[in-house]
Amino acid sequence: MSYVIEIIKTVILGIVQGITEYLPISSTGHMLLINEFLHLKFSADFVNTFMVVIQLGSIMAVVVLYFSRLWPFDFKNKTAKERKSIWILWSKILVGCVPAAIVGFLLDDIIDGYLRTPTVIAIALIVYGIMFIIIENSHIKVTMNKVEDIDYITAANIGLFQMLALIPGTSRSGSTVMGGRLLGVSKEAVSEFSFFMAVPVMAGATLLKLLKCGFAFGAFEWIILLIGTVVAFIVSVLSIKFLMNYIKKHDFKIFGYYRIILGVLVLLYFWVIK
């Protein structure tokens with residue numbers, strides 16, 4: 001094994017994770033597809049774990065960028081009312097996370113065994129790309145402009161949409177954004193709420209994967225995990241900033257078109273070329 005080559009592959013995967021995690025284009029789908037060509041030379045179990053654990057970098061990007069809005073223990077700079085509003089926001093986030101957490105825990109092995117295939121990813125990319133375009137062309141009336149406007153029922157319904165992301169290629173951010181838009185949440189608010197929901201969901205998925213593997217990694221495997229996570233963190237910060245600036249003047253249709261084109265290319269490659 002060439003350590004340098006594997007590190008380069010890891011950096012590439014970290015970049016892809018960082019770019020795609022918060023854009024509605026499926027980070028898991030991209031990671032699995034790119035690994036089809038890069039082929040990290042580790043055991044299948046480790047590669048599968050790497051694809052999940054690397055998401056810690058993306059989680060930390062949200063924590064760092066939105067720390068002030070998510071940290072309720074700032075007694076020096078926040079009033080009691082402001083701290084209470086943060087606790088309320090967290091309660092809504094957790095309500096939205098419950099459906100995917102339960103179903104993901106129960107079906108984790110089935111998803112890993114049967115759904116992580118190029119065909120499933122490609123079909124999910126295309127189907128949800130079409131749905132994005134349809135939803136954005138529908139001009140649904142916005143009734144919730146800020147994250148704080150999202151009520152518990154809406155949060156729970158967004159959580160139901162998030163369950164769709166258990167299918168590789170669907171996109172966790174994509175499914176939550178799509179659901180929020182259908183429910184009348186603004187682009188900015190649903191994007192931020194999607195970021196916030198990612199923290200407990202992805203942290204839980206990472207912990208579950210590590211517990212199943214028993215943390216039984218070699219020294220170089222830990223180095224690979226660390227490099228991938230750090231790169232994913234840096235790129236995720238840039239990706240989040242890009243998305244929030246982009247949607248101030250544009251809708252999500254461009255991501256729908258991208259998903260369709262990518263899905264078709266994947267099908268052509270695996271069904272015709274390979």
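A charge sits over a ring if NZ of Lys or CZ of Arg is within 6 Å of the ring centre and within 35 degrees of the ring normal. K92 meets this description, lying over the face of Y152 at 5.7 Å from the ring centre. The model is predicted: local features need pLDDT of at least 70 and side-chain atom pairs count only at pLDDT 80 or more, while totals for chains, interfaces and linings use all residues. Residues are numbered from 1 along each chain as its sequence is written, and side-chain values use heavy atoms, with hydrogens and water left out.

**Aromatic pairs**

- The structure holds 18 aromatic pairs, where rings of Phe, Tyr and Trp (its six-membered ring) pair if their centres lie within 6.5 Å, planes under 30 degrees apart counting as stacked, over 60 as edge-to-face and the rest as tilted.
- The pair Y22 and F195 is edge-to-face, because the ring centres are 5.2 Å apart and the planes stand at 80°.
- Y22 lies in the loop between α1 (3–20) and α2 (27–38) and F195 in helix α10 (residues 187–213), so this contact ties together parts 173 residues apart in sequence; helices are DSSP runs (H or I, at least four residues), numbered from the N terminus.
- Y22 and F195 are both buried, a term for under 20% relative accessible area, with exposed meaning over 50% and partly exposed in between (1.4 Å probe, protein chains only).
- For F132 and F252, the ring centres are 6.1 Å apart and the planes are at 40°, so the pair is tilted.
- F132 is buried at 2% relative accessibility, and F252 is buried at 0%.
- One aromatic cluster is formed by Y3, F42, F46, F50, F217, F220 and W222.

**Salt bridges**

- Seven salt bridges are found in a search of the whole structure, each being a side-chain nitrogen of Lys or Arg within 4 Å of a carboxyl oxygen of Asp or Glu.
- E136 and R181 form a salt bridge whose closest N and O atoms are 3.1 Å apart.
- This pair links distant parts of the chain, with E136 in helix α7 and R181 in helix α9 (residues 172–182), 45 residues apart.
- E136 is buried at 6% relative accessible area, and R181 counts as buried at 15%.
- Between K78 and D74, the closest N and O atoms of the salt bridge are 3.7 Å apart, and both residues are buried.
- D251 and K253 form a salt bridge with closest N and O atoms 3.7 Å apart; D251 is partly exposed at 25%, and K253 is partly exposed at 23%.
- A network of salt bridges links R69, E148 and E192.

Methods
Helix = DSSP H or I, 4+ residues; strand = E, 2+ residues; numbered from the N terminus.
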